[in-house]
Amino acid sequence: MRGQGRKESLSDSRDLDGSYDQLTGHPPGPAKKALKQRFLQLLPCCGPQALPSVSESNVEDEFELATVCHRPEGLEQLQEQTKFTRKELQVLYRGFKNECPSGIVNEENFKQIYSQFFPQGDSSTYATFLFNAFDTNHDGSVDFEDFVAGLSVILRGSIDDRLNWAFNLYDLNKDGCITKEEMLDIMKSIYDMMGKYTYPALREEAPREHVESFFQKMDRNKDGVVTIEEFIESCQKDENIMRSMQLFDNVI
Amino acid sequence: MAAGVAAWLPFARAAAIGWMPVANCPMPLAPADKSKRQDELIVLNVSGRRFETWRTTLERYPDTLLGSTEKEFFFNEDTKEYFFDRDPEVFRCVLNFYRTGKLHYPRYECISAYDDELAFYGILPEIIGDCCYEEYKDRKRENAERLQDDLDSENNQESMPSLSFRQTMWRAFENPHTSTMALVFYYVTGFFIAVSVITNVVETVPCGTVPGSKELPCGERYSVAFFCLDTACVMIFTVEYLLRLFAAPSRYRFIRSVMSIIDVVAIMPYYIGLVMTNNEDVSGAFVTLRVFRVFRIFKFSRHSQGLRILGYTLKSCASELGFLLFSLTMAIIIFATVMFYAEKGSSASKFTSIPASFWYTIVTMTTLGYGDMVPKTIAGKIFGSICSLSGVLVIALPVPVIVSNFSRIYHQNQRADKRRAQKKARLARIRVAKTGSSNAYLHSKRNGLLNEALELMGTPEEEHAGKTTSLIESQHHHLLHCLEKTTGLSYLVDDPLLSVRTSTIKNHEFIDEQMYEQNCMESSMQNYPSTRSPSLSSHQGLTTTCCSRRSKKTTHLPNSNLPATRLRSMQELSTIHIQGSEQPSLTTSRSSLNLKADDGLRPNCKTSQITTAIISIPTPPALTPEGESRPPPTSPGPNTNIPAIASNVVKVSAL
């Protein structure tokens with residue numbers, strides 16, 4: 001026993017019977033406070049004057065969790081902002097809302113959803129990079145507008161737009177240029193998605209070699225970083241890349 | 001991949017843009033979406049309740065009925081919707097599965113109905129979500145047990161004829177209700193167990209004094225009588241044990257079973273006592289052995305279901321009992337120690353040692369409080385009161401668990417007994433339904449022939465002749481008729497109750513066709529000797545298959561196709577019976593077909609002679625005409641309607 005008093009042992013019992021907060025899957029935070037508060041009510045020494053402050057913050061916490069529900073702007077506005085048709089937006093929103101009823105995706109959710117498509121490997125790092133790329137205003141959550149804006153660029157944008165978006169994805173610190181370290185992180189995250197069981201087996205130095213060849217191709221002035229102009233220029237010269245960019249035309 | 005996430009596939013594919021610039025080799029071609037139709041709403045009409053969903057929702061699970069092209073079989077062109085003639089309640093769960101990816105099991109739903117629906121829609125029950133899976137599994141297990149029970153008792157019933165003597169004996173021992181001998185044996189052994197236990201008890205009662213010595217227990221006073229009683233009981237028990245041992249299917253297992261050990265322990269002391277001499281050294285041990293005689297009372301558990309359940313409960317609650325014991329032991333040790341040290345100071349304290357304090361602690365915790373040991377110091381009294389309070393709590397905790405276990409097992413047993421009792425009624429219902437349907441067939445057959453007759457004669461007797469059979473019934477009957485024609489045999493019914501309601505009357509309209517058939521039937525009937533002929537056995541087999549579970553009493557004539565000659569002698573008996581009793585008996589019929597059946601006429605009845613089917617006549621009179629009239633067979637008539645006379649001939653056949 002923790003010896004900290006009976007409220008601890010009560011919460012121990014909650015652990016024993018496995019009561020978890022349904023929303024986040026973690027042991028309940030506000031509920032624990034409510035428990036303590038109820039216990040304190042039992043004791044005659046803690047009069048009602050001690051409780052209101054506790055209860056208010058409790059209530060606020062609970063409300064906070066409950067009322068975070070984002071709604072996107074109207075369909076017409078989204079139609080203007082993105083290049084999707086009305087029907088496409090409807091389909092996208094239905095899928096989005098199904099998986100995230102609260103209207104926003106946080107990083108954990110994002111990783112979870114993305115990992116369902118890659119059952120063998122570990123896609124969490126790459127998903128984080130994606131999340132940061134989608135989260136244009138960097139507020140830690142991706143709402144439907146962000147989501148649709150990103151998709152619009154990738155699926156309906158021009159080749160240059162797409163290349164721009166890819167550069168943005170690679171540029172982890174958003175400083176306008178890709179360093180070897182950033183590229184190495186990206187490369188490792190991509191290789192991680194493959195998992196351990198591959199043929200031929202993954203070698204330790206494969207990502208680094210891949211980065212080297214990438215920089216060889218992209219870095220014109222050999223200054224160790226790839227700027228946006230270098231990137232776009234090199235990609236436009238590469239047949240493979242141009243062709244692969246066209247793959248996204250028919251995704252939706 | 002969960003269904004809901006399938007909607008995010010476009011996003012995942014778009015996210016692949018991050019790989020393109022770093023790829024060294026060209027990418028494979030993307031699969032073209034040939035049928036690039038817009039997502040459309042599908043209407044699913046389930047028994048009138050309309051459900052609508054997107055086509056893509058259903059296509060998430062392509063290996064189910066709704067997700068594959070199988071649903072096209074249910075597409076209704078006129079209303080442009082998919083119509084399913086199934087339960088809309090369960091369909092709700094099925095559709096939710098497509099929507100959310102989780103299959104739920106509603107608690108109010110019957111488990112077999114639910115399973116049927118799932119099987120229809122091609123969904124495996126294994127994917128029921130965690131939230132409902134336990135409930136589903138529990139219900140499924142209960143159902144399986146019930147079915148297994150039924151199957152077992154069916155097997156028991158059917159396997160009766162083929163049991164050997166040893167098996168019958170074992171069965172008699174285990175289920176005393178199977179035969180009267182078993183019941184007698186059961187009661188006799190029970191009686192002797194009671195006698196033995198009572199003698200053991202009475203033996204020790206002081207029985208008055210013999211002059212000149214002190215008070216004696218009855219056992220020593222009437223030692224001979226008691227010895228004789230004991231001998232008799234032990235002999236009975238020994239015989240019973242040996243018989244059981246002989247009859248047991250697996251002797252080794254029987255020897256190891258609890259009941260047999262109890263038996264052995266109950267009778268051993270006697271034999272050991274016989275063997276042992278009156279040596280003073282061992283007689284002490286001998287006296288101890290007599291204690292084991294009390295185990296005879298456990299033999300009652302064969303006789304009492306409740307005792308067995310109690311024993312089973314205790315066994316299944318072993319862990320709770322263990323916990324109870326352990327916690328009690330812990331508490332006893334703690335409190336005994338405390339009390340010992342608390343009372344150490346007081347003079348002339350009874351708490352001489354910690355083990356001595358155990359007795360006090362136990363007596364206090366179980367709230368007995370004999371009062372032979374009481375604390376005298378204040379500290380001792382305080383701890384003593386804490387001890388008694390905590391005792392109540394510690395004992396009260398595991399007891400409800402044990403009680404609820406006992407209650408659950410007891411109710412389960414009761415349910416099993418109830419099911420067995422209901423089984424009889426259920427089997428009777430099944431039998432009636434089956435005979436009802438075949439009865440309907442036979443009636444309709446006669447009706448059909450009569451209809452032909454009437455049409456030929458032009459008599460508008462529709463209300464009598466015309467049975468309003470549904471199309472399905474008439475087709476079914478036609479099918480059975482074809483089978484009869486194919487095999488040259490015919491069905492028959494021999495249920496006494498149902499066969500009373502047969503048709504009467506209106507035989508005056510019969511024409512020669514009927515007579516011809518009748519003659520044929522006569523001749524074919526007469527072809528059968530009264531003894532069992534080998535050719536009959538096959539017919540027998542046919543009839544038994546169609547109407548299974550016939551009782552052994554075929555003491556009546558079947559209501560189908562009785563040739564006139566046979567009935568002639570019975571007419572007198574029959575006519576009086578039948579005509580009067582037709583109407584009332586009909587109302588008791590369950591099957592509506594039977595109600596109308598009486599309208600059907602019996603084509604094989606000669607006009608002036610027979611009026612009705614006999615049925616209610618018991619076999620003996622029926623057999624006599626059989627033996628009497630044996631006119632030479634005119635021609636071997638078509639074997640179409642082999643009368644169930646066959647059954648009479650073979651008498652108590654397996655019909």
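Predicted model: local features only at pLDDT ≥ 70, side-chain atom pairs only at ≥ 80, totals over all residues.
Strands 3 and 4 of chain B form a hairpin with four residues between the strands. Within this hairpin, B:K80 takes a positive phi near 55 degrees. Across the pair, B:N76 sits opposite B:E81 in strand 4 of chain B.

| Strand pair (chain B) | Bridges | Direction | Residues standing opposite |
|---|---|---|---|
| Strand 1 (residues 41-46) and strand 2 | Six bridges | antiparallel | B:L44 and B:F51 |
| Strand 1 and strand 4 (residues 81-84) | Three bridges | parallel | B:V46 and B:F84 |

### Two helices

Helix 17 of chain B covers residues 378-396. How far apart are its end C-alpha atoms? They are 28 Å apart, which agrees with the 27 Å that its 19 residues should span at 1.5 Å a residue. The buried residues of helix 17 of chain B are B:G380, B:G384, B:C387, B:S390, B:G391 and B:V394. Looking down the axis of this helix, its buried residues fall within an arc of 140 degrees, so they line one face. On the other side of helix 17 of chain B, B:I378, B:L389 and B:L393 are exposed. The general rule behind such a pattern is that an α-helix has 3.6 residues a turn, so residues three or four places apart point the same way.

Helix 9 of chain A (residues 159-170) has 12 residues, which at 1.5 Å a residue should span 16 Å; its end C-alpha atoms are 17 Å apart, in agreement. Among the buried residues of helix 9 of chain A are A:W165, A:F167 and A:Y170.

In soluble globular proteins, nonpolar side chains tend to be buried together. In this model, the largest nonpolar core has 61 residues, and A:Y114, A:L130, A:F134, A:F147, A:M183 and A:F231 touch the most other members. Helix 7 (residues 124-134) of chain A gives this core its largest share, seven residues. At least three residues of the core come from each of domain 1 (73-156) and domain 2 (159-251) of chain A.

Not counting residues up to four places away in sequence, A:M183 touches A:Y170, A:I178, A:V211, A:F214, A:F215 and B:V22. A second, separate core has 26 residues, including B:L66, B:F91, B:Y114 and B:L118.

### A closer look at B:Y186

B:Y186 lies in helix 8 (residues 180-203) of chain B. Is B:Y186 buried or exposed? Its relative accessibility is 18%, so B:Y186 counts as buried, the cut-off being under 20%. Leaving aside neighbours within four places in sequence, B:Y186 is in contact with B:P176, B:R302 and B:H303. B:P176 is 10 residues away from B:Y186 along the chain, and their C-alpha atoms are separated by 6.3 Å.

Notes: Residues numbered from 1 in each chain as written. Chains lettered and ligands numbered in written order. Heavy atoms only, no water. Expected span 1.5 Å × (residues − 1). Buried < 20%, exposed > 50% of the residue type's maximum accessible area, 1.4 Å probe, protein only. Arc of directions from axis to C-beta. Contact = heavy atoms within 4.5 Å. Core = buried A, V, L, I, M, F, W, Y, C linked by side-chain atoms within 4.5 Å. Domains from an automatic or database assignment. Pairing = 2+ DSSP bridges.
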